[in-house]
Amino acid sequence: MTIASRAASANDYVRRHSTHPLISRRTAADIARAAVRLAALLGIDPVHVQPDRRWSSLSLPLVPLTLHASDPDDPQQIYNFSYSDPLYDSEPFYLLGPCPACEATVPLAEIRSLADLGVFIADGPAALPDSGILPSSYPDEFDRNPSHSSTCPFWDSEG
């Protein structure tokens, strides 16, 4: 796919997805731009990135946006990402996956480049030590995430 055709596809995606009957035009456009940004980071066409459709619970920037990116060569392989605030292009994406301790879906890796995703795919999540000290490879959002089960050592009862 040429740069021009990829740019045209991104423009078309934003234009088509900038309106939605259940959310404001501005929020819909922010979501579309975040999806296009993730597609660019992954080097795929934006049609392979879909936002989570639970609009009734979506109130950006208070609730992180979830984006699902399917691999163009293997549509069954889907990567799920969280994005805190689409208003800011400097925000990282967070790769979502099961917590090694409680299996809840939580942010496992900060993704700012395709190489960051490559590191995670190659190494996977670091083992969690019994000391309760989180390895530095986990993002701060891992132990701040409210999805952990109440029995998980990373569950924040004050969150």
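The chain contains 4 helices and 5 strands, where helices (H or I, at least four residues) and strands (E, at least two) are DSSP runs numbered from the N terminus. Read from the N terminus on, these elements follow the order α-α-β-β-β-β-β-α-α. The structure is a predicted model, in which local features need pLDDT of at least 70 and side-chain atom pairs count only at pLDDT 80 or more, while totals for chains, interfaces and linings use all residues. Residues are numbered from 1 along each chain as its sequence is written, and side-chain values use heavy atoms, with hydrogens and water left out.

Of the 159 residues of the chain, 38% are buried (under 20% relative accessible area; exposed is over 50% and partly exposed lies in between, with a 1.4 Å probe and protein chains only). The chain exposes about 9200 Å², of which carbon and sulfur atoms supply 53%; accessible areas come from the Shrake-Rupley method with a 1.4 Å probe, and for residues only the protein chains shown count as cover.

A search of the whole structure finds 0 disulfides, a disulfide being a pair of cysteine sulfur atoms within 2.5 Å. For C99, the nearest cysteine sulfur belongs to C102, 3.8 Å away. C99 is buried, its relative accessible area being 0%. For C102, the nearest cysteine sulfur is that of C152, at 3.7 Å; C102 is buried at 17%.

W155 lies in the segment after α4 (140-144) and is partly exposed, at 38% relative accessibility. Beyond its neighbours within four places in sequence, W155 is in contact (heavy atoms within 4.5 Å) with H148, S149 and S150.
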